[in-house]
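This briefing concerns a predicted model.

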Amino acid sequence: MADYKLYYFPIRGRAELTRIMCVAAGIKFDDIRIPGSEWPEKKKTFPNGKMPMLDYKGQYLTQSLAIARFIAKTCGLAGKSDWDQAQVDQIVYTVNDLSEEFYSYYLEKDSDKKEEKIRKVLNEYVPDKLATFEEWLKQNKGGDGFFVGSTLTMADVAVYEGLTSVLQKDTNLLDKFPKLLAHRQRIAGYPRIKEYLAKRECTEV
C-alpha cells in the first residue's frame, strides 16, 4: 500500500497541483476520487468534513495548500533556499487568488451573473495576473527556464495547472505572453507530467 493517499472529487480542482507534483517526483500515491453523490455520507468521516485530504501513514492533513506544500517539501519541489521558498509561495498564493476568482464564476447559479463574471475574469483579472507571472518568470534568467532557481518547483506546476481552466475558456490568452506560453509547453513536456496529462480527464475545474 502507498504511504500517500489523496482523497478528492473526480475533478482537477484543489487536488490537481498535488497530483501533478507527486507524478513529477515519482511518488507513489493512491488517487482516491469520491463521487459527489457519495460525499454527503462520507463527509462525516473526514477531519473537518473537508477535501482534499491527505492520509500520510495514518496521519491526516486537510487544506489544499498545506497538502501541496508538504508534498513539495517531501519531494524537493519547495525551493532550495529560504528565499527560493518564499518566492515559490508568492507565486503559488497568487495562482490561488486567480483560482478563487474562477471558482466564483463556476459556482455562480444565476446564468446572467455567471456570464458577467466570466467576462470580467477573462478580460480584466486574468490578463493582469498573466502580466505578473510573465514578469516574475523573466526575472529568473530571462524567463527561459523555471520560475525559481534552475529546477522544477511547485511554482511551475501551480502556474501550469492554475491556468488550465481559464485557457479552456479562451485558448488565446497567452498570445501576448510568449515567455509564459513557452514555459507552459516546457512543463507539459516534462517526462512524467507529459504521460500523466495524456491520460487524465481535463475537467472544467
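In this predicted model, helix H4 (residues 82–106) packs against helix H5 (residues 111–138) at an angle of about 170°, and their axes lie 9 Å apart. Because angles over 145 degrees count as roughly antiparallel, H4 and H5 are roughly antiparallel to each other.

**Contact of H4 with H5**

- H4 contributes Gln90, Ile91, Thr94, Val95, Asp97, Leu98, Glu101, Phe102, Ser104, Tyr105 and Tyr106 to this contact.
- From H5, the contact is made by Lys114, Lys117, Ile118, Val121, Tyr125, Val126, Lys129, Phe133 and Trp136.
- By class, the residues of the contact of H4 with H5 comprise twelve nonpolar, three polar and five charged.

**Domains**

- The domain assignment of the protein chain gives domain 1 (4–76) and domain 2 (82–190).
- The centres of domain 1 and domain 2, taken over C-alpha atoms, are separated by 22 Å.
- In the contact, 14 residues come from domain 1 and 16 residues from domain 2.

**Largest pocket**

- The volume of the largest pocket is about 240 Å³.
- Its lining consists of Tyr8, Phe9, Arg14, Trp39, Lys43, Gly49, Lys50, Met51, Pro52, Thr62, Gln63 and Ser64.
- Five nonpolar, four polar and three charged residues make up the lining of the largest pocket.

**Second largest pocket**

- The second largest pocket has a volume of about 200 Å³.
- The residues that line the second largest pocket are Tyr8, Phe9, Ile11, Gly13, Arg14, Tyr103, Tyr106, Leu107 and Val205.
- Seven residues of this lining are nonpolar, one is polar and one is charged.
- Domain 1 (4–76) and domain 2 (82–190) each supply at least three residues to the lining of the second largest pocket.

- Met51 and Pro52 are joined by a cis peptide bond, with omega about 5°.
- Pro52 is found in the loop between helix H2 (39–42) and strand S3 (53–56).
- Asn48 is found in the loop between H2 and S3, and its phi is near 65°, a positive value in a residue other than glycine.

Notes:
Residues numbered from 1 in each chain as written. Predicted model: local features only at pLDDT ≥ 70, side-chain atom pairs only at ≥ 80, totals over all residues. Heavy atoms only, no water. 1 Å grid on protein atoms, 1.4 Å probe; cavity = no way out; pocket = protein on both sides within 12 Å on 5 of 7 lines; lining within 4 Å. Points joined across faces, edges and corners; volume = space filled by probe spheres on them. Nonpolar A, V, L, I, M, F, W, Y, C, P; charged D, E, K, R; others polar. Domains from an automatic or database assignment. Axes fitted to C-alpha atoms, helices over the stretch in contact; angles between N-to-C directions. Helix = DSSP H or I, 4+ residues; strand = E, 2+ residues; numbered from the N terminus. Parallel < 35°, antiparallel > 145°, perpendicular 65-115°, else oblique. Contact = heavy atoms within 4.5 Å.
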